[in-house]
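Please find below some notes for someone meeting this structure for the first time. They begin with the chain as a whole and then turn to one part of it.

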Amino acid sequence: MWGEFMNESDIKVISGKRIRHLRLDAKLTQKDLAGKLNLSDSMIGEIERGNKSANYQTLSALSEIFDVTVDYLLGRSEYKKGRILTKDEMLSFLPKELAEMPDLLIAVDDKKQQISEDTKKEIIEILKKNG
């Protein structure tokens with residue numbers, strides 16, 4: 001259903017099901033989760049059944065508790081933790097000058113590789129130039 005337009009009712013039902021599933025996977029009772037969120041356990045039940053919506057603060061807290069994105073909770077993504085871009089996808093978003101920088105390509109390939117201060121300055125200048 002994600003990717004399609006969803007009405008408020010659809011969002012409540014989907015997010016309620018996802019929250020319930022995550023809560024059960026975490027072996028939490030409604031009362032346990034309610035305590036973490038400073039809500040009543042009956043409110044958790046209402047949210048899980050799709051009768052009530054979780055507000056922004058509650059969604060944010062739930063995303064931290066369950067280590068998922070708010071988009072996942074709302075049914076806007078099937079990826080619990082966001083989608084990891086491939087190297088080519090990541091580089092496709094950059095201006096050509098940056099995507100072809102040897103130091104940047106090495107840093108992308110080797111996550112532990114640090115970019116020099118000169119390279120950082122060069123990147124900033126290219127980004128400023130490309131708006």
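1. Contacts along the chain. Taking contacts in the protein chain between residues at least 6 apart in sequence, 46% of them join residues at least 24 apart. Please keep in mind that the model is a predicted one.

2. Secondary structure. The protein chain has nine helices and zero strands.

3. Surface and burial. The protein chain has 131 residues, and buried residues account for 31% of them. Its accessible surface is about 9,100 Å². Carbon and sulfur atoms contribute 52% of that surface.

4. Helices H2 and H4. Helix H2 covers residues 30–37, and helix H4 covers residues 56–66. The axes of H2 and H4 come within 10 Å and cross at roughly 115°. On the H2 side the contact is made by Leu33, Lys36 and Leu37. On the H4 side it is made by Thr58, Ala61, Leu62, Ile65 and Phe66. By class, the residues of this contact of H2 with H4 divide into six nonpolar, one polar and one charged. As for handedness, H2 passes H4 in a right-handed crossing.

5. Phe66. This residue belongs to helix H4. Is Phe66 buried or exposed? Phe66 has a relative accessible area of 11%, and because buried means under 20%, Phe66 is buried. Setting aside residues up to four places away in sequence, Phe66 touches Ile19, Leu22, Arg23, Ala26, Leu28 and Leu33. Leu33 is also one of the H2 residues that make the contact with H4. Asp25 lies 41 residues from Phe66 along the chain, and the C-alpha atoms of the two are separated by 9.5 Å.

6. Ser63. Helix H4 also holds Ser63. The relative accessible area of Ser63 is 12%, so Ser63 is buried by the same cut-off of under 20%. Which residues does Ser63 contact, leaving aside its neighbours within four places in sequence? They are Val68, Thr69, Val70 and Leu73.

7. Reading H4 together. Phe66 is a buried residue placed in helix H4, and it takes part in the contact with H2. Ser63 is likewise buried and placed in H4, and its contacts include Val68 and Leu73.

Methods:
Residues numbered from 1 in each chain as written. Predicted model: local features only at pLDDT ≥ 70, side-chain atom pairs only at ≥ 80, totals over all residues. Heavy atoms only, no water. Helix = DSSP H or I, 4+ residues; strand = E, 2+ residues; numbered from the N terminus. Buried < 20%, exposed > 50% of the residue type's maximum accessible area, 1.4 Å probe, protein only. Contact = heavy atoms within 4.5 Å. Areas by Shrake-Rupley, 256 points an atom, 1.4 Å probe, with all protein chains shown as cover. Axes fitted to C-alpha atoms, helices over the stretch in contact; angles between N-to-C directions. Left-handed = near helix turned anticlockwise from the far one by under 90°. Nonpolar A, V, L, I, M, F, W, Y, C, P; charged D, E, K, R; others polar.
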